Amino acid sequence: MRKRIDFYCPHCKTKKRITINDEYNESHIDNLLDRSAFKIKCNKCNQETIVDYNFCLKTKSYSLSYGELKDVDRFTLTYDDFKEKVLIFEDKLNDILIELMKKKLNHDLNTEYELRYDGMNDKQLIFYSIDSNESYAMNKELYDYYQNKYKTDNVKDVEITSLNFDKYIK
Ligand SMILES: [Zn+2]
């Protein structure tokens, strides 16, 4: 839905009314990931700013919000979390099992890194650690094994994180 909101340019403090879109679909994914969907150019000082507001992404296969909005499969509270979930769902993976993969990776490395899913190839899932600034690959076979072994709850309106994912696994 398109909405009109007040925008204050952080550079020159000029106030103006802008139109924002708070519901996106699959055609907007690239613009959401590179944040170009949120760029506003001030017509007084010409500086570009990223506008921060809550929105949801609704595709044919999943729904996701940035900010705690209702009637979505998942909500996320940070922009990096939002991006990670898009990558996970676009690759048709289960975010609860991805958290389980991260836990296993931390166990294998004997670390407690904050890990983010960062894509896949034919044989591997790639995780990135903000703490070590490195990428790690895990066998896709392990993911398939988890998928066969465990059932995950079909929950909605939740934030799935490394702290709570295990309560949705049976
Ligand atoms: Zn300005």
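In which sense do strand β10 and β11 pair, and over how many bridges? I found that β10, residues 124-129, pairs with β11 in the antiparallel sense over 6 bridges. Pairing here requires that DSSP finds at least two bridges between two strands. Strands are DSSP runs of E, at least two residues, and helices are runs of H or I, at least four residues, both numbered from the N terminus. Within this pair, Gln-124 stands opposite Asn-139 in β11.

I noted the basis of the model. It is predicted: local features need pLDDT of at least 70, side-chain atom pairs count only at pLDDT 80 or more, and totals for chains, interfaces and linings use all residues. Numbering starts from 1 along each chain as its sequence is written.

I then looked up the rest of the sheet. It is open, with 3 strands in the order β9-β10-β11 and antiparallel pairing. β9 (115-120) and β11 (134-139) are at the edges with a single partner strand each, so one side of each has no neighbour in the sheet. The twist from one strand to the next averages 30 degrees.

I checked what lies across the sheet. Helix α3, residues 95-109, lies across β9, β10 and β11 and runs at about 110 degrees to β9. Axes are lines fitted to C-alpha atoms, for helices over the stretch in contact (C-beta atoms, placed from the backbone, within 7 Å). Angles run from 0 to 180 degrees between N-to-C directions.

Last, I recorded the whole chain. The protein chain has 4 helices and 11 strands. Its C-alpha atoms fill a box of roughly 55 × 35 × 30 Å along the principal axes.

Notes. Two residues are in contact if their C-beta atoms, placed from the backbone, lie within 7 Å.
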